[in-house]
Each structure stands twice: as C-alpha cells, then as structure tokens.
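Open the model in your viewer and keep the selection tool at hand. The tour goes from one selection to the next.

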Amino acid sequence: MNVKKLIRPELEALVGYTPIEPIDVLGQRTGAKIIKLDGNENPYGCSPKIYQALANYPYYHIYPDPEQRKLRQALEQYTGLKYESIICGSGSDELIDLVLRLFLQPGDEAINCSPTFGMYPFSTKICGGNLVDVPRDKDFAIDMDGVKKALSEKTKVIFITSPNNPTGNLVTEQEIIELVNTGRIVVLDEAYFEFGGVTMANLVPNYPNLIVLRTFSKWAGLAGLRIGYGIFPVEIANYLMRIKQPYNVSVAAQAAVLVSLADIEYLRSNVKKIAAERERLF
Ligand SMILES: *Cc1c(COP(=O)(O)O)cnc(C)c1O
C-alpha cells in the first residue's frame, strides 16, 4: 500500500518547520553555557506564586471548563473588553490555526508582511491555504499599497504583528482601519502588547472582521504552559467556540493565568527590566 497517495497533496510537499534544539540538549552537545534568546522567552520566568498554586491545585483529574469561564472573566477585567468576545487557546499559536481553519478553503490566500512571525505561513499551509508575502519596506513598515495590490478574490486573511517580531515596528490605527475596510479578516497579533503599551483591541467591537491576539508566553513568562487569548468580534467568537477542541487550555495553564493576573505588579516590573536590557543590548 502507498501511504503517500493518501496524504493531502499540499502537505506532502510541506517541509515542516525547523525544530529548535532544547537548551539542555544544545548545552550537552556543545559543552557551552547557553543563554537562549531565539524564542523571546522571559528570562525572569513566571510569577513565583505559580509554583505553590500548581502544587496545591486539587483537580488535575478533572477536565478543564470548555467555556473557560473563570479565565474569560479574569481577561474581561484585564482587557476591559467583553467576556463574549474573548477566547483562549493553547498558546496564541493555536488561535492562529483556529482562525485559519474557520476561514480558509483549499487554495484561499492569507497575506503576510515579512520579516515577521513564522507561524502564519506554517498554519496557512497546513490549513490548505496559499501564503502571499508582501515584504515590509526598508524601515520595516507595512507596505500598504503592496498589501492592497496583493488582494485577490481568494484573499481571506491579513496578518499584522504589532509590535512586529522581529523588527519592533508598530502599526497605526489608520493602517488597521484601512486594512479592515478591505473586507478581509485582519488578524492583529499583539503578542508584545505589554512591552509597548499600544493596543488596537478597543477597535474590535466596532468591526466585524478585526481580531486581536495576545499571549501570556512572553510578558508573563508562561511559554511552557501554552496559554494565549484573542479578542474577537462576537460573531466570530461564537464560531470559534464551536470548532475549538473542548479542552484546549489545560487546568494548569488556567490556574497559572489567574495567579499571574493577581501578581501583575511583579510581572510588570520584569517587563520593565527586559525593556531596559533591550536598550543595553542594542
Ligand atoms: C511568541 C509569539 C507568539 C506565540 O505565542 P504563544 O502564545 O506562545 O503561542 C505569537 N505571535 C508572536 C508575534 C510571537 O512572537
């Protein structure tokens, strides 16, 4: 039997993404002391209160709440945006994938403004879509004319990262509104919102096609527990609720978020330290 023939043809050609060697493995192989910067993980770790909270958590044998009620209530407080518009994922990576699963049919297109985060091309291809890249200009600002010229009947999603990884550029409100007015789904990835303090999340209630993604991986130091969230137009949030895996966010991740939000001053002080280190390193 030929298994290859059964594989979806667009995936058969996919190379997959280059796996990162874990630091302990790399350290052992090279004998070097490793300072890991490539994943933008938080060098100060998570809130130390999480260790005790997770050690004492009594319900690991029970599935998490599929509706993520406590989490969404806490995030409603944190973001100031409506409970019904918030959905959490196993990292914002999962939400990127879920959004594409919701909107892409085979052959549909997603726009990417490189250099930027690597998961947009990855998930677009896995969902059967084609990636259309519109490189940023010489200052790494978005090429707005280029994006508009790249739109086709098949364009469903436009990915914008702000601050951009890896260049740090911010998108303006004007640019987001122009992109939203193209009638495509605009996914604004604000993974680093807490480092710059600029957000467009308050625009989400005004548009049916604007999505803002956030994560606890970077500012809150929870990359290993996998927890991100999105602020969605309620109509889209309702569809996502239908298609997401019911238990997509583990009870450990949920507990860790609640502790993090209760220890926010400590986490903010680490964010300040990272920003100061950024200047020094630069
Ligand atoms: C790190 C990062 C993410 C991934 O976040 P997870 O919540 O860990 O999946 C998403 N977007 C950008 C731009 C990132 O740098």
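Predicted model: local features only at pLDDT ≥ 70, side-chain atom pairs only at ≥ 80, totals over all residues.

Select Asn-40, in the loop between α3 (23–30) and α4 (49–56). Its phi is positive, about 55°, although Asn-40 is not a glycine. Most residues other than glycine have a negative phi.

Go on to Gln-68, in the loop between α4 and α5 (69–79). Here too phi is positive, near 55°. Is Gln-68 buried or exposed? Gln-68 counts as buried, because its relative accessibility is 1%.

Next, select Asn-165, in the loop between β4 (155–161) and α9 (173–180). Asn-165 is in contact with Asn-40, Pro-115, Thr-116, Phe-117 and Tyr-192, leaving aside neighbours within four places in sequence. At 17% relative accessibility, Asn-165 counts as buried. The peptide bond from Asn-165 to Pro-166 is cis, with omega near 20°. Another cis bond joins Ser-162 and Pro-163, with omega about -5°. Most peptide bonds are trans.

Finally, select the ligand, which sits in the largest pocket. Among the 13 residues around the ligand, Asp-189, Tyr-192, Thr-215, Ser-217 and Lys-218 come nearest. A side-chain N or O atom of Asp-189 lies 2.6 Å from a nitrogen atom of the ligand. On its own the ligand has 390 Å² of accessible area, and the protein covers 95% of that.

Terms used: Residues numbered from 1 in each chain as written. Heavy atoms only, no water. Helix = DSSP H or I, 4+ residues; strand = E, 2+ residues; numbered from the N terminus. Buried < 20%, exposed > 50% of the residue type's maximum accessible area, 1.4 Å probe, protein only. Contact = heavy atoms within 4.5 Å. Near = heavy atom within 4 Å. Polar contact = N/O pair within 3.5 Å; in protein donor to acceptor, adjacent residues only side chain to side chain. Areas by Shrake-Rupley, 256 points an atom, 1.4 Å probe, with all protein chains shown as cover. 1 Å grid on protein atoms, 1.4 Å probe; cavity = no way out; pocket = protein on both sides within 12 Å on 5 of 7 lines; lining within 4 Å. Sits in = over half its atoms within 2 Å of the grid points.
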